[in-house]
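Subject: Structure handover

Hello,

Here is the structure I promised to pass on. Please open it alongside this note; my findings follow below.

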Amino acid sequence: MTSLQSEIEQRGKRIFELVDKYPESLFSKAGFYQRLMTLSMRDEQLKLQLFRFVAVLPSLHTSDEIIEHLQEYFADGHESRKVAQFLGVGIRLAGIAPWISGPILRWNVSEMARQFIAGRNPIDVMRTLRKRQAQNIGFTVDLLGEAVVSETEADEYAARYLDLLEGLARETKNWTDALENNSELFPVVNLSVKISALYSQISPDDPAETIAHLAPKLRPLLRRARELGAFINFDMESYAHKNSTLELFKTVFTEEEFKDWPHAGIVIQAYLRDSDADLRDLIEWGRARGTRFAVRLVKGAYWDYETTKSRQNGWDCPVYLQKPESDANFEMLTRLLLENESIVTSAFGSHNVRSIAHAQALAEQLGIDRSRFEFQLLYGMAGPIKRALVEMGYRVREYCPVGELLPGMSYLVRRLLENTSNEGFLRAKFSENATAEELLRDPREILRRSRNGVLQPPNATINMTTTTPKTQLGAHYENAPLTNFASPENQEKMRAALREQRNQFGRKVPLTINGEKIWTDKMFSSVNPSQPDQIVGYAAEAGIPEAERAVAAARAAFEKWGRTSFEERCQLLERAAEILERRRFELSALEVFEVGKPWAEADGDIREAIDFCTFYARQMRLIGRPRLTQNVPGEESYQHYWPRGVALVIAPWNFPMAILCGMVSAALVTGNTVIMKPSEQSVIIGAMLMEIYEEAGVPPGVLNFLNGKGSVIGAHMVDHKDVDLIAFTGSREVGLWIWESAGKTREGQRELKRVICEMGGKNAMIVDSDADLDEAIVDSIYSAFGFQGQKCSALSRLIVLEENYDRVMERLLGAAASVRVGNPEEPGIMVGPVIDEAAYRRILDYIEVGKNEATLAYQSTDLPPHGYFIPPTIFTGLKPNMQIACEEIFGPVLSVIKVRDLDEAIEVANGIDYALTGGFFSRSPANIERIKAQLEAGNVYINRPCTGAIVGRHPFGGFKMSGSGTKAGGKDYLLNFLIPRVVTENVARHGLAPEKTPEYRDEFLWPKH
């Protein structure tokens, strides 16, 4: 055992001795809270329901609502019995007098919240702080509520921070530091600030803009704090905000006014894998600045969020997956801080006695006086540990949140999760009575003793790896990851790609027919909708002769391609996916210029194209081999699929790579030959897909590339006798014409034409009376205005129950007014230009209709002077049958419809011609189940945006006038491109038959290769 480990154990045991002098359960508040925590630790599923119920409770306004939710959350008989144990009188009264039991439940949860929330307001919190002052415990105060949806809310938070600072300074002006030694390093007044509360439009891909907006808001607060002799600490939140927070801190405190001020600090989260690099960078910055600063070292409070988010997006998880890894890193960072004590003041934020004892022992070993650092612990937790540290002569500060229960629910739930975590120190010590020896083990030794140096996860769902190779048929399908623009490296790659694409403006692209590059006498231009005088490129325009050549080439190539092994076709798609990935930033940048997509939207489009290639290759392998229909003695009967023939793919401009690539890839992998016609507005992107497939090795004639007017070559090929299949995504008008025209049999036609028709939507989102408005407002704004509302899945009708209407509208209008509108070449933009002048004029016409029909509740006025920019617009006072409430607008125009109740909401949502996407925000389990059963939409989204379908995860497509019921990115999508065929053979000879027939057999190919 090392001398340091021995000293850690000695100090740790001393802390435990002092803790045991004042015995206290983990759950210092008895009754409701203690029963809740005890029950939660016994049953993970019940814990989830309990915490969800706790989170929704403050938003319920009547006793009847409370009881209804209680019954919905715990309808299962087994759960009801358990819940009765902790709710006690509350649930027993429910059936008799809900007006009594509702208030009892609300009071219980309010009291539980006070376990962690130091006060409702600055006056209330002073009572707590005075008690702590008498116990020689200092404070840092933070305002609860970290989700602002508008700049109005952000400005209110800034004012509240300033008021709180003034009040704390006034009320504590005669207070002194508990230790006195080195008290100049530790001002009495200590305020913690969350930057997310000060700006509603923080964008991880644009830290410079974030800093430019936040620095002016922070300077008055910092200036006043310096005048008052107070300390300001920048809290750290989710990983997406980390880099912006660090850069903001360094930028502001390098300014002339603040560079010599030592009373500023920032948080480092030890559970982050890059925390070591961040801390070293801060220390280097601090030395260059030449003035002391502080670091609060914590483990981190967003573990559940970070692991879930990274798995959803396919990112490397930014946090350590096992607690001993975070603990070991905490100790390493503790050493780094103490070894640089000459420039940085350390605050160790932990309830883990091992971590605390390690800091004490290491400081002693390095000769650092205990008065030159402090320990910080959360209000309402680990009281005995705080008392023990005070008794040992250390400086202790309590993190004290202030605010009302509703905005504090996310904080409360994080504390509940922390207290009931399977790996939590407090649970182990105070609830499970683990021994001192167990609790003081060296985390590095724990890791060394585990298999391969890494602990196996207690819950397999948090394991980010897969043991099955992705190429195996039984492997779990993994989507390509989104680009994480929080990474400075990715930001620079995107900027470089934009510069390169700008240098290629004016390029010219030919037609491609039968592998030949064809130029014609006519060229048409594709322009940048942000600056229409900029020509992104020129494309050769096909006419009827070129269309005929393309059909003939595809028909000739079909004979061989249709009999090519499905494995060869799958490999073609996978090579295309690899090229798409390699050219990802280049293609994203091209989309920014050619169709006006913001960075993340453009990247998402390329990601979706990659996914279509890999997913359809995977699905073709699953259906490519003939499969036995039934196992019958003496007979072999196999079903398999043949391609249909020549496929005409007509794609839109709004997802210019993804939709085009998806339909083309599906047609190719199933053995069809293809004529692809991109939209005129996105023809350069279409040409890039042709390049990619040529590089991947597509044979001549198998894929042909035609640019031209839909009314000319599109109409001609739809009617062509040698076109067997039409895959179309676009407007309702064109889609219905194709559907009708394809139903007519032409002279010489060999096949009934198959039409895959995906059209538009007039999508509705319903906001229930108990909805989480922090989520509902943000997601509604994004769904309606992201990419200018130019998605077939975009939110067009927001249906709000009258009980919640005023609250929703107040926050919705404020959020809309805060949306960033501008050139999407700049990062962080949500609303860019609409696609062209025709769209621009059509949408403005609809806005005029809306002004006549309804009430214009909001319209943006801050628009760029050039380009096809439409102001985000919101109408209220609509009736469901009004024109702007029924017709697809395809722009940033949102209609808000007020309804009495959920019955009317569903009636309004379903009462139109379309059925593409629909959404619902609610925390009522019963209402959620009802929406799942009754909302008429091909894709129904609950408590999330109604856009952003992911291949394989959200097969996409609608019905009614939104489409023919196909599901792009779904397991059965490829069947639309295939003809099923059954081959039956009598294999009995003179009564003899094979005992067993294999379930699968090789393809029916001739001649065999």
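A residue counts as buried when its relative accessible area is under 20%, and as exposed when that area is over 50%. Please keep in mind that this is a predicted model.

By that cut-off, Arg 395 is buried, because its relative accessibility is 4%. Arg 395 belongs to strand β8, residues 395-402. Its side chain has polar partners. One is the side chain of Asp 177, in a polar contact at 2.6 Å. Another is the backbone oxygen of Ser 371, which lies 2.6 Å from a polar atom of the Arg 395 side chain.

Next, the cysteines. The structure holds zero disulfides. Cys 400 has a relative accessible area of 0%, so Cys 400 is buried. Cys 886 has 25% and is therefore partly exposed.

Now strand β16, residues 646-650. Is it mostly covered or mostly open? Mostly covered: five of its five residues are buried. The cover extends to both faces. Val 646, Leu 648 and Ile 650 are buried on one side, Ala 647 and Val 649 on the other.

Which strands pair with β16? One is β17 (residues 673-677), which runs parallel to β16 and is joined to it by five bridges. Within that pairing, Ala 647 has Val 674 as its bridge partner. Another is β19 (residues 725-729), also parallel, over four bridges. There, Ile 650 stands opposite Phe 728.

Helix α27 covers residues 683-696. Its length checks out. At 1.5 Å a residue, its 14 residues should span 20 Å, and the end C-alpha atoms are 20 Å apart, so the two agree. How many of its residues are buried? The count is 11 of the 14, so α27 is largely enclosed by the rest of the structure. Among the buried ones are Val 683, Ile 684, Ile 685, Met 688, Leu 689 and Tyr 693. Just after the helix, Gly 697 takes a positive phi of about 105 degrees.

Strand β13 (residues 531-540) runs antiparallel to β12, and six bridges join them. Val 527 stands opposite Ile 535 of β13.

The other also has three strands, in the order β14-β15-β30, and its pairing is antiparallel. At its edges stand β14 (627-628) and β30 (978-986). Again, each edge strand has a single partner, so one side of each lacks a neighbour in the sheet. Two bridges link β14 to β15 (residues 635-643). Arg 627 stands opposite Gln 639 in β15.

For viewing, I would start with Arg 395 and its contact to Asp 177. Then go to β16 with its partner β17, and on to helix α27.

Best regards

Definitions and conventions. Residues are numbered from 1 along each chain as its sequence is written. This is a predicted model: local features need pLDDT of at least 70, side-chain atom pairs count only at pLDDT 80 or more; totals for chains, interfaces and linings use all residues. Side-chain values use heavy atoms; hydrogens and water are left out. Two strands pair if DSSP finds at least two bridges between them. Buried means under 20% relative accessible area, exposed over 50%, partly exposed in between (1.4 Å probe, protein chains only). The expected span of a helix is 1.5 Å times one less than its number of residues. A disulfide is a pair of cysteine sulfur atoms within 2.5 Å. A polar contact is a pair of N or O atoms within 3.5 Å; within protein, one must be able to donate a hydrogen and the other to accept it, and residues adjacent in sequence count only if both atoms are side-chain atoms.
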